[in-house]
Structure formats: structure tokens, C-alpha cells
Amino acid sequence: MVQIRRLQLTAVIFMILFLAGCARTQPSRFYTLSSFPQMDAIPAAPENAKFYIGVGPVEIPDHLERPQIITREGENELELAEFHKWAGSLQSNITTALSENLSRLLRTDRLTVYPWPGAVRVDYQVALHVFRFEVWPEGKAVLSAQWMILGKGGREMLVMEKSDIVAPVAGRGYPDMVYAQSVALRELSREIAESIAGLAK
């Protein structure tokens, strides 16, 4: 009888350890959008630019304001990745990558990020409202955004445009998805940089 109870106790302990192992969650992985150090300045970029660029505010829709990376399963269905997340907020990721891209494309370090100190007077303010920034099941990253370039300390509308950019996803993993989103943001950065360069002539 004692031996049977020992066997039962051993079986219970084994089952508990087995279930604990199964319940152990996989570690989360964190991602950031890339800027592109290898980018050449756009041909219209002025030499020794004296203008000052302010980047922001950047606004994103409510459903993107979360740590999980979001993919689309269809026009009306989203999937949140439980173990694949943004390092920091997506809004901050977009702002940082956009700023670094613009700096390289326009050959200038004279950039500041919203909100900037009151003593800073920017010549061109880039405001961005993102409508869509997700990866779709057919293997494409979609970025849809309206952007504005403001002058006179944000009091004058100089440019207002809407861009719809699609970048192919090379693989099926989350690193591939995030890279494709970075490429889409790079192309948006180029459109904005060309517009700023045109204004600065």
C-alpha cells in the first residue's frame, strides 16, 4: 500500500513538473524601425544647409498604440503578436527613424524632435498623421500617411500631401516584416525630404 502511494505521489510530482514546463512562456523579442545609414543625399539637397527642421508631432491610430506588432488578417481583422513587440512606442520609433532619414537625405544635423524647447525656432516643421502601418498577409508592408510641412513656427501651411507606400516583405518572420516597414518609412522620408529641398531653394 505504501509503495502504491509512493508511486502515485511520484506520478503527481512528475505531472506537475511536466505541466510547469509546458506552461513556461517563450521570451518576448523586441524590434525597432531602422533608419538607413547607406542612403545618399537627394540630388536637390542644398550644401551647408542653414535651415532648421522640426520633426513632429507624429500621430498614429489608436489600434497601433500598443507594444505588440500588428499584422492584418484582412480588411477588418488584425492580429497582435504576443511575443513580438516594439522596443518603446511605435510613435517614438517612427519619429526617430524619420528624423535620422531626413538628416541623411538633406545632409544636415540641424534637426530637432517635437516637442522642442521654446527657444528653438524651426524653419520647416514636419507633422505626420499615420492612417495605416501594418503588414498584410500577401506579403507587403503598407504605410498610408498624411504629412504637412509648416513654416513660420508652425503658423503657415507650406505643403500638405498624402502618401500611400507599399514595400514587399522578403520573408515570413517578424524581422522581415519590420524591415519592410522600415523600407516603407524610408520612401516616405524621401518624399518629404524632396519637398523640403524644393522649398529651401
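**Fold, packing and turns**

Author: Of the chain's 201 residues, 42% count as buried. The model is a predicted one.

Reader: Which pattern does the chain follow along the sequence?

Author: The chain holds three helices and eight strands. Among contacts between residues at least 6 apart in sequence, 70% join residues at least 24 apart. Read along the sequence, the pattern is α-β-β-β-β-α-β-β-β-β-α.

Reader: Are helices H2 and H3 parallel, perpendicular or oblique to each other?

Author: H2 covers residues 90-105 and H3 covers residues 174-200, and their axes lie 9 Å apart. The packing angle is about 50°. Angles under 35 degrees count as roughly parallel and 65 to 115 as roughly perpendicular. The two helices are therefore oblique.

Reader: Is the crossing of H2 and H3 left-handed or right-handed, and which residues meet there?

Author: H2 passes H3 in a right-handed crossing. On the H3 side the contact uses Leu185, Arg186, Ser189, Arg190, Ile192 and Ala193. On the H2 side it uses Ile94, Ala97, Leu98, Asn101, Leu102 and Leu105.

Reader: How do the residues of that contact divide into nonpolar, polar and charged?

Author: Leu and Ala count as nonpolar, whereas Arg counts as charged. For the contact of H2 with H3, the division is eight nonpolar, two polar and two charged.

Reader: Is Asn101 buried or exposed?

Author: Asn101 is found in helix H2. Leaving aside neighbours within four places in sequence, Asn101 is in contact with Ser35, Phe36, Met39, Leu185, Arg186 and Ser189. Its relative accessible area is 0%, and buried means under 20%. Asn101 is therefore buried.

Reader: How many Å apart in space are Ala193 and Asn101?

Author: Ala193 lies in helix H3 and counts as buried at 0% relative accessibility. Not counting residues up to four places away in sequence, Ala193 touches Ile42, Leu102, Leu105 and Leu106. Ala193 and Asn101 are 92 residues apart in sequence, and their C-alpha to C-alpha distance is 8.7 Å.

Reader: What is the bridge partner of Arg72 in E4?

Author: Strand E3 (residues 68-74) is mostly covered, with five of its seven residues buried. E3 runs antiparallel to strand E4 (residues 77-86), joined by five bridges. The two form a hairpin with two residues between them. Across this pairing, the partner of Arg72 is Leu78.

Reader: Why is E7 described as largely enclosed by the rest of the structure?

Author: E7 pairs with strand E6 (residues 124-136) in the antiparallel sense over 11 bridges. It is also joined to strand E8 (residues 156-168), again antiparallel, by 12 bridges. E7 is largely enclosed because, of its 12 residues, the number buried is nine.

Reader: Which residue in the turn between E6 and E7 has a positive phi?

Author: E6 and E7 form a hairpin with three residues between them. The value of phi there is about 85°, and the residue is Gly139.

Reader: Is Lys152 buried, partly exposed or exposed?

Author: Lys152 sits in the loop between E7 and E8, a hairpin with four residues between the strands. Although not a glycine, Lys152 has a positive phi of about 50°. Its relative accessibility is 54%, and the cut-off for exposed is over 50%. Lys152 therefore counts as exposed.

Reader: What is the relative accessible area of Arg107?

Author: Arg107 is placed in the loop between H2 and E5. Its phi is near 55°, a positive value in a residue other than glycine. Arg107 is partly exposed, and its relative accessible area is 40%.

How values were computed. Residues are numbered from 1 along each chain as its sequence is written. This is a predicted model: local features need pLDDT of at least 70, side-chain atom pairs count only at pLDDT 80 or more; totals for chains, interfaces and linings use all residues. Side-chain values use heavy atoms; hydrogens and water are left out. Axes are lines fitted to C-alpha atoms, for helices over the stretch in contact, and angles run from 0 to 180 degrees between N-to-C directions. Angles under 35 degrees count as roughly parallel, over 145 as roughly antiparallel, 65 to 115 as roughly perpendicular and the rest as oblique. A crossing is left-handed if the near helix is turned anticlockwise from the far one by less than a right angle, and right-handed if clockwise. Contact means heavy atoms within 4.5 Å. Buried means under 20% relative accessible area, exposed over 50%, partly exposed in between (1.4 Å probe, protein chains only). Two strands pair if DSSP finds at least two bridges between them.
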